[in-house]
Amino acid sequence: SGVEAEDTPAERFAKVERLRALGLSPREVRLAGELLGHAYPVASQERAGRPRGIEIAIALRKAVAALAVERAVVVVLEDLHWMDDASLQVLPIFLRGLARPRVFTLLTRRPGAQGPHLPGIAMRVSPLGADACGRLFAAALGARSVEPELAQQVARQCGGTPATVAALARELSGQLAQSDGALVREAGVVR
């Protein structure tokens, strides 16, 4: 399994060290460990002539390529609009060479957000309609459905963005009542 926040330092170290099985060198394993916040007892030696970010991107690409030899690999990088400039600059280096039959890469960013030009197919995902917003809103609150008028209000208020629908559901969770499994508005809840 992956490195989890609740892992002890020893567990984190052991998980990072498993990257050696993918053919990563000790230096590449250390770079991956540092990227995940693992502290090593001896300071790493900087390699002259190659920025650390490029070395990390190449090591990660090597690990993904090694995994793809035996199984399909899905790489998902969400919200590129939140990625720092240094990471955006090395992203094409990481992705180069991953366009192979057993690797699927999915990158997401908000419309209009700046980022590097990357090869591949760009798809625009339309906002959710009122019915879908209503179903998501109901599911987030543990209900089977919502009144159609409430679904319309949720869609208008959230612009059809799933994350915003979920956030609104959390915000309003104590202010909506259920009637036979369907969510209904109590006076003045959703404006």
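Mentor: Helices (H or I, at least four residues) and strands (E, at least two) are DSSP runs that are numbered from the N terminus. The model is predicted, so local features need pLDDT of at least 70 and side-chain atom pairs count only at pLDDT 80 or more, while totals for chains, interfaces and linings use all residues. Residues are numbered from 1 along each chain as its sequence is written, and side-chain values use heavy atoms, with hydrogens and water left out.

Trainee: OK, pockets then. How much space lies in the second largest pocket?

Mentor: About 940 Å³, where a pocket is an open set of points on a 1 Å grid over the protein atoms alone where a 1.4 Å probe fits, with protein on both sides within 12 Å along at least five of seven lines, and lining residues have an atom within 4 Å of a point. The volume is the space filled by probe spheres set on the points, which are joined across faces, edges and corners.

Trainee: And which residues lie nearest its centre?

Mentor: Of the 30 residues that line the second largest pocket, Ala32, Leu35, Leu36, Leu60 and Phe94 lie nearest its centre. Two or more lining residues come from each of α1 (9–17), α2 (26–35), α3, β1 (73–77) and α4, and α3 gives the largest share, with seven residues.

Trainee: How does the largest pocket look, and what gives the most to its lining?

Mentor: The largest pocket has a volume of about 1,700 Å³, and among its 39 lining residues Leu106, Leu107, Thr108, Arg109 and Met123 are the closest to its centre. Strand β2 gives the most to that lining, with five residues, while α4, β2 (103–107) and α7 (162–172) each supply at least two.

Trainee: Switching to helix packing, how do α3 and α4 cross?

Mentor: The axes of α3 (residues 52–67) and α4 (residues 85–95) come within 8 Å and cross at roughly 30°, and α3 and α4 are therefore roughly parallel to each other. Axes are lines fitted to C-alpha atoms over the stretch in contact, angles run from 0 to 180 degrees between N-to-C directions, and under 35 degrees counts as roughly parallel, over 145 as roughly antiparallel, 65 to 115 as roughly perpendicular and the rest as oblique.

Trainee: What about α5 and α7?

Mentor: The axes of α5 (residues 130–140) and α7 come within 9 Å and cross at roughly 45°, so these two helices are oblique to each other. Cys133, Leu136, Phe137 and Ala140 in α5 meet Pro162, Val165, Leu168, Ala169 and Leu172 in α7, with contact meaning heavy atoms within 4.5 Å.
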